[in-house]
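Visitor: I would like to learn how to read the packing of helices, strands and domains in a model such as this one. Could we go through it feature by feature?

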Amino acid sequence: MPGYEIIDNKEKKAVSKIFDEGAVLFAHGFPNIRKKYYVRELEQKFSSLMKCKYALPVASGTAAIKIALKAIGIKPGDEVITQAFNFVATVEAIIDCGAKPIIVGVDNSLNICPLDLITKITKKTKAIIPVNMLGASCNFKEIKKIAIKHKIRIIEDNCEAFMGKYEKRYLGTICDIGILSLDYGKFITSGEGGVILTNNKKYYKFCKQYHDHGHENSPKYSRGNDNRKIVGFNYRMTELQATICIEQLKKAKLILKKNKERYKLLDKKINKNINKRLIIENSEPNYDTFIFYVKKSLKLKIIKYLKKIKLGTKNLPDAIKWHCSYYWGHAVDKKQIRNSVRTKNLLTSAIAIPILINKNLKFYNSVVLEINKIYEKYR
Ligand SMILES: *Cc1c(COP(=O)(O)O)cnc(C)c1O
């Protein structure tokens, strides 16, 4: 699963190298005392790997969502739709722009339900944020149809499904703007950090200026003499984060391969009568979580076992209150809480097994055999 499992000497050496090269920890300027610009290098690396025209590293995934909302022109009074199984960051970014979060339920894929989505669109709807939760793609065919019909922009929150695919393209590059997170629990990490992906030059230019106090970064002027047209903020990434992330990126394909071996083993061996999470047609997950649904009495038994072997669960159910809008009365109105009830009930029957690459296939084999045993005994 996450890149933190395999942080080693490579990341350590990369950080050390920055200190040897003049210790410029800032992504801009200081041309006389630095050798390289690592955030700029990271930008290139993401755009070439993801096959996406523009990639902009920023301070966090949450900041990236907010910047993207600003780029598509979200204003106070607008409505932005997102899903009930989610992370609180999307709702925070919407609220930070002065807009209103509207919650849509999820289906058995655990991502936004297109049928429910249609019923939540109003004249005020300006954007949809579908979230590829726990490694797997949303139903983009249906979501895009709806968005095109109503002339609504889509920001794809791909913080949790980096390296997953939809119709052979990388998740995060499917919609108007895509978002990645590099926080410590994610597929690859730089401690904190986020990336904005887009093929739209106008959006990219806005994001680049907005996240850096409005700096146009014109090559004609020094940074001190640079021009500005928009009021921005500081959501910049540092060189330290970028250099760590460059090393982590080199490990992304290895992580994917190891995830896949473990996930496929669980997928193949789990009892055929157990309901698994629906994976959307023509999509490929990043395989970092394996999810299935069981009734409550069985669920408690399986969770007890997962705790005992110190594997635990991934968010479902251990951190459900941060991942389901049913629990976010501090941020959304009563109607959105009601819109979240069906999703909460579905999530209550789900168990998410974390795929860790430092645990081997033999370990996961014993896990799935034991789950099957518990299932046979208590179903
Ligand atoms: C982690 C995460 C975020 C926020 O990313 P940060 O880098 O932690 O700010 C947003 N959305 C989802 C779905 C996430 O999992």
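Visitor: Which residue in E12 is the bridge partner of Asn 275?

Guide: This is a predicted model, in which local features need pLDDT of at least 70 and side-chain atom pairs count only at pLDDT 80 or more, whereas totals for chains, interfaces and linings use all residues. Residues are numbered from 1 along each chain as its sequence is written, and side-chain values use heavy atoms, with hydrogens and water left out. The bridge partner of Asn 275 in E12 is Tyr 293. Helices (H or I, at least four residues) and strands (E, at least two) are DSSP runs, numbered from the N terminus.

Visitor: What is the strand order of the sheet, and which strands are its edges?

Guide: Two strands pair if DSSP finds at least two bridges between them. Here an open sheet of 3 strands runs in the order E10-E12-E13 with antiparallel pairing, and its edge strands, each pairing on one side only, are E10 (275-276) and E13 (350-354). Between E10 and E12 (residues 289-293) there are 2 bridges, in the antiparallel sense.

Visitor: How should I read the packing of H3 and H7?

Guide: Two packed helices are described by the angle between their axes and the distance between those axes. Axes are lines fitted to C-alpha atoms, for helices over the stretch in contact, and angles run from 0 to 180 degrees between N-to-C directions. The axes of H3 (residues 61-71) and H7 (residues 201-210) come within 9 Å and cross at roughly 125°. That makes H3 oblique to H7, since angles under 35 degrees count as roughly parallel, over 145 as roughly antiparallel, 65 to 115 as roughly perpendicular and the rest as oblique.

Visitor: Which residues make that contact?

Guide: With contact meaning heavy atoms within 4.5 Å, Lys 66, Ile 67, Lys 70 and Ala 71 of H3 meet Tyr 203, Phe 206, Cys 207 and Tyr 210 of H7.

Visitor: At what angle do H2 and H8 pack?

Guide: H2 (residues 38-50) and H8 (residues 239-250) pack at about 35°, with their axes 8 Å apart. Among the residues that meet are Leu 42 and Phe 46 in H2 and Ile 246 and Leu 249 in H8.

Visitor: What are the domains of the chain?

Guide: Domain bounds come from an automatic or database domain assignment, which gives domain 1 (3-249) and domain 2 (252-378). Their centres, taken over C-alpha atoms, are separated by 26 Å, and 43 residues of domain 1 are in contact with 42 residues of domain 2.
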